[in-house]
Each structure stands twice: as C-alpha cells, then as structure tokens.
Amino acid sequence: MGQSDTELPDSDAEWREILSEEEYRVLREQGTEPRFSGEHLDRKEDGAYVCAGCGAKLFDSETKYESSCGWPSFYDADDAKVELRPDHSHGMERTEVVCTNCGGHLGHVFDDGPDPTGKRYCINSVALDFEDEE
C-alpha cells in the first residue's frame, strides 16, 4: 500500500485502516514474519523493492542474494531511505532497519554479507512491495 509523502497516516488508527493485519504487525509493531514464508524470498525478477507502507524505493533487485536465512537478503540499500537503529529487544544486540519516510520497521542488518559491502539486510517480505523494471 504505497503512500506519497503528503498522504502518510497521522494516527495509529489510520495505519490500521490502510495496512493488512500482518503488514501492521511488522511495519508498525516491529514484528517478524515466519522464516521461509515471504512472497519475495525466491523472487528473481529485475526491479525495485519499495516500502509497503509508503512506497519509498529501498533496495534494487541487483543487490538481492541468497543468504539461506529465511528472509529476502540484500547487500546494499538506499542510505537516504533507510535508517539504522540499535535494537536490544529479545535479549539480542542487533541493528534495526527502518524506512526513513514512514518509520516502518523493515528488518535488521548484519555484518556477515557478501562483497562489496559485507552487509546482509535481512528484510521481511511483508514490509516490501515489488516494482518490475520497465
């Protein structure tokens, strides 16, 4: 459900109206979809992965790779469109990945990815929409 910058919801109730229950749980409540369940896990088409909350372009399909972690993985992101935050939940030290436009939780980033960045952006499929390359 992409939204333009000017159409972003102002309230929790408005977010609940435009997002599915699962999108809301992940994007607004920092949830996680089950491993190996996401629609984008095995996607191989060329295009862009955008935030399901607001439509901001976050990842290019050329940076997607198979990490075997159970979620779509990317080795690079648009730094202007993602914010990295410390996450100390669940007794772990992780780095949360958040959409800078709408504040939606996307997943986490780890330092065990491939060259050239060494990063693994481990992202929930439900937090993403896919736009085919035209």
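Is Ser61 buried or exposed? Ser61 is buried, with a relative accessible area of 11%, where buried means under 20% relative accessible area, exposed over 50% and partly exposed in between, for a 1.4 Å probe and protein chains only. This is a predicted model, in which local features need pLDDT of at least 70 and side-chain atom pairs count only at pLDDT 80 or more, while totals for chains, interfaces and linings use all residues. Residues are numbered from 1 along each chain as its sequence is written, and side-chain values use heavy atoms, with hydrogens and water left out.

**Surroundings of Ser61**
- Ser61 belongs to the loop between strand E2 (57–60) and E3; strands (E, at least two residues) and helices (H or I, at least four) are DSSP runs numbered from the N terminus.
- Leaving aside residues up to four places away in sequence, Ser61 touches Glu45, Asp46, Gly47 and Tyr49, contact being heavy atoms within 4.5 Å.

**The sheet**
- Six strands form an open sheet with antiparallel pairing, in the order E3-E4-E8-E7-E6-E5; two strands pair if DSSP finds at least two bridges between them.
- Strand E3 (64–65) and strand E5 (82–87) stand at the edges with a single partner strand each, so one side of each is left without a neighbour in the sheet.
- In a regular strand, side chains alternate between the two faces of the sheet.

**Strand E7 and its partners**
- Strand E6 (residues 94–99) and strand E7 (residues 105–110) run antiparallel and are joined by four bridges.
- Within this pairing, Thr95 has Val109 of E7 as its bridge partner, and Val97 has Gly107 of E7.
- E6 and E7 make a hairpin with five residues between them, and Gly103 in the turn has a positive phi of about 80 degrees.
- Four bridges also join E7 to strand E8 (residues 120–123), again in antiparallel fashion; here the bridge partner of Val109 is Tyr121 in E8.
- Five of the six residues of E7 are buried, so E7 is largely enclosed by the rest of the structure.

**Aromatic residues**
- The structure holds four aromatic pairs; rings of Phe, Tyr and Trp (its six-membered ring) pair if their centres lie within 6.5 Å, and planes under 30 degrees apart count as stacked, over 60 as edge-to-face and the rest as tilted.
- One aromatic cluster is formed by Tyr49, Phe59, Phe74, Tyr121 and Phe130.
- Arg28 lies over the face of Trp15, at 4.1 Å from the ring centre; a charge sits over a ring if NZ of Lys or CZ of Arg is within 6 Å of the ring centre and within 35 degrees of the ring normal.
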